[in-house]
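Welcome! Please take a look at the sequence and structure shown here, and then let us walk through some of the main features together.

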Amino acid sequence: MSALPVIAVWLGALALNTWLSRFDTRATRLAVALIFGATILILWEMIVRIYAIPPVILPAPSQIGASFAANTAILWTDFVQTIVKGALTAWLIGALAAVLTAIAIDRSPFLQRGLLPIGNFVAALPIVGIAPILVMWFGFDWQSKAAVVVVMVFFPILVNMVAGLAATDPMQRDLMATWAAPYWASLWKLRLPAAMPFLFNGLKITTTLALIGAIVAEFFGSPTKGMGFRISTAVGRLDLPLVWAEILVAAIAGSLFYGIVALIEKKVTFWHPSQRPQRG
Amino acid sequence: MTESAIPLGPGVLGRGFGRALPILTVLLAIVVIWYLAAVWMNAPWVRDQAARADAVLTASDLIRQTLTLERPVLPAPHQVAAGLWDGIAGQSITSKRSLVWHGWVTLSATLAGFAIGTVAGIGLAVGIVHNRAMDQSVMPWAVASQTVPILAIAPMVIVVFASMGVTGLLPKAIIAAWLSFFPVLVGMVKGFRTPDAMQLDLMHSWNASRAQQFWRLRLPSSLPYLFASLKVAIAAALVGTIVGELPAGATAGLGARLLSGSYYGQTVQIWSALFAAAILAAVLVMLIGALERLTLRRMGLAR
């Protein structure tokens with residue numbers, strides 16, 4: 001009988017969302033999504049409480065929240081160690097290196113035809129696997145994590161950027177030629193702006209990869225701080241609420257990171273069809 | 001792409017060669033750089049050993065020794081190739097040192113997870129396309145969840161399942177399924193929506209039921225999207241399985257090979273496991289690519 005309230009909440013939220021979704025305006029769309037998220041959280045809390053699931057298996061959202069509030073200092077040092085030092089700096093270095101490489105090989109069709117298939121191939125490989133090697137080379141601190149992240153983000157951005165530099169059509173390049181634009185002017189004024197949508201596609205894909213690389217690399221050895229270190233030691237102590245609090249931090253950081261990149265994209269590529277306001 | 005730029009001329013062989021030449025050149029350059037790096041990175045250790053033994057090293061001695069170390073900082077390509085060959089062909093398949101055995105452990109969990117994730121992703125996509133409430137509820141979260149580093153919790157999932165007494169293939173398959181689920185879901189929702197209003201109107205004017213509309217129009221036109229997301233999904237599933245094998249206690253699978261290699265400083269073992277994983281990923285993606293070409297050609301959709 002204890003399943004009744006769970007089913008009641010589920011059906012109630014379902015009915016509410018079905019009703020709301022018929023209006024299909026911006027506000028109701030947001031409301032529907034929020035109600036769905038809230039329903040999942042409430043159901044999670046109810047199921048954990050009603051069936052008395054031990055926190056070792058699945059802590060309730062309220063426990064995770066309490067652990068988050070109680071451990072903000074730890075979570076902050078981990079955040080700085082893993083995300084700011086490990087992921088963010090390395091993501092910038094990797095992106096810069098990839099963009100410069102793309103511009104460099106862009107002048108040589110031979111290199112392009114040689115590097116692109118290999119870049120595509122490497123982008124599909126389980127690159128996290130190099131984490132143990134790089135931890136051996138660069139030591140336990142954030143430098144090794146940064147190295148993993150640089151390698152992980154390099155190839156997806158490179159492939160996208162090369163495709164982006166090839167995205168201008170012959171007519172536009174001819175126009176630049178008729179204006180007697182030198183290589184650099186045509187690169188700066190035509191081809192780089194045209195490549196931006198592709199570049200940002202690569203940048204957005206790699207935000208998540210950067211976080212994954214930084215966290216997973218810590219499983220192979222780390223100083224006594226960092227999100228990956230905390231997750232693996234907290235699991236060892238069966239302090240699952242703390243693990244989930246770290247996951248919450250990772251989720252928030254991941255969404256923020258992605259959101260900021262998407263925002264910059266909006267500012268930079270305002271001219272692109274996908275960024276125009278949708279009508280109708 | 002650049003393929004269309006190549007004129008029809010010297011025949012298929014010549015064209016294939018023309019396309020392979022740049023790739024081979026780059027690969028050769030990578031191998032050369034790798035050898036140089038191996039010499040350079042292993043040299044301090046060799047010099048140190050020689051200084052202790054009061055031996056004088058000639059340049060050729062130095063190079064020969066750096067490329068044949070037992071536990072090099074960076075193993076040379078031929079050492080990795082030898083390690084890979086020994087792991088694949090040199091051991092009996094049931095041996096714990098055989099990469100075939102470890103690869104099979106990883107592959108089985110990957111395929112199981114991939115199958116679960118794909119079926120669940122397509123199923124939910126069908127629901128989302130046909131039910132507006134589900135679309136508005138689930139889609140924003142499905143898209144947002146792509147930005148969350150789910151892979152980082154893989155070891156936790158393993159430990160939690162182990163504490164409930166579930167070990168072996170299932171927990172890894174769940175991680176793999178979870179990772180391959182979202183690309184398939186997002187790709188298939190996009191794919192099921194590719195038919196434009198004109199085509200849907202045509203189905204409508206033929207008085208097609210929703211089921212007929214789905215089977216005859218939405219499903220066929222979603223196939224290019226399906227294969228594109230399947231390629232992403234199987235690569236993600238493999239990465240998920242390998243990371244799922246990392247936590248201490250795992251003794252089988254390519255991920256466990258990586259971890260034990262890193263514990264004992266067996267660099268050749270790490271690199272061979274890494275290359276085995278890379279080969280596995282490449283073969284899986286290529287299989288799906290072949291399946292894609294076959295299906296699209298049968299349907300007349302091949303480009």
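## Helices α4 and α9 of chain B

α4(B) and α9(B) cross in a right-handed way; a crossing is left-handed if the near helix is turned anticlockwise from the far one by less than a right angle, and right-handed if clockwise. Helix α9 covers residues 210–244 of chain B, and its axis runs 9 Å from that of α4(B) at an angle of about 145 degrees. Axes here are lines fitted to C-alpha atoms, for helices over the stretch in contact, with angles from 0 to 180 degrees between N-to-C directions. Helices (H or I, at least four residues) and strands (E, at least two) are DSSP runs, numbered from the N terminus.

On the α4(B) side, the contact includes B:Thr106, B:Gly113 and B:His130, while α9(B) brings residues including B:Arg210, B:Ala233 and B:Ile242. Residues are in contact if their C-beta atoms, placed from the backbone, lie within 7 Å. By class, this contact has eight nonpolar residues, eight polar and one charged. Ala, Val, Leu, Ile, Met, Phe, Trp, Tyr, Cys and Pro count as nonpolar, Asp, Glu, Lys and Arg as charged, and the others, Gly among them, as polar.

## About the model

This is a predicted model, in which local features need pLDDT of at least 70, side-chain atom pairs count only at pLDDT 80 or more, and totals for chains, interfaces and linings use all residues. Residues are numbered from 1 along each chain as its sequence is written, and chains are lettered from A and ligands numbered from 1 in the order in which they are written.

## A helix pair in chain A

In chain A, the axes of α9(A) and α11(A) come within 10 Å, crossing at roughly 165 degrees. α9(A) is therefore roughly antiparallel to α11(A); angles under 35 degrees count as roughly parallel, over 145 as roughly antiparallel, 65 to 115 as roughly perpendicular and the rest as oblique. Among the residues in this contact are A:Phe200 and A:Leu211 of α9(A), with A:Phe257 and A:Val261 of α11(A). The contact has twelve nonpolar, three polar and two charged residues.

Chain A has domain 1 (4–53) and domain 2 (67–275), with bounds from an automatic or database domain assignment. Their C-alpha centres lie 35 Å apart. Chain B is split into domain 1 (3–74) and domain 2 (99–298), and 35 Å separate the C-alpha centres of these two domains.

An unreviewed UniProt entry marks "transmembrane region" features in chain A, including residues 146–167. Such annotations may be inferred rather than shown by experiment; positions are given in the numbering used here and feature names are shortened. That span of chain A is 91% helix and 0% strand, and its end C-alpha atoms are 31 Å apart. For chain B, the unreviewed annotation "transmembrane region" includes residues 169–189, a span that is 100% helix and 0% strand.

## Where the chains meet

How many residues does each chain give to the contact? Chain A gives 45 residues and chain B gives 43. Elements giving two or more residues to the side of chain A include α1 (4–20), α2 (26–50) and α9 (183–217). That side has 31 nonpolar, twelve polar and two charged residues.

Notes
Contact = placed C-beta atoms within 7 Å.
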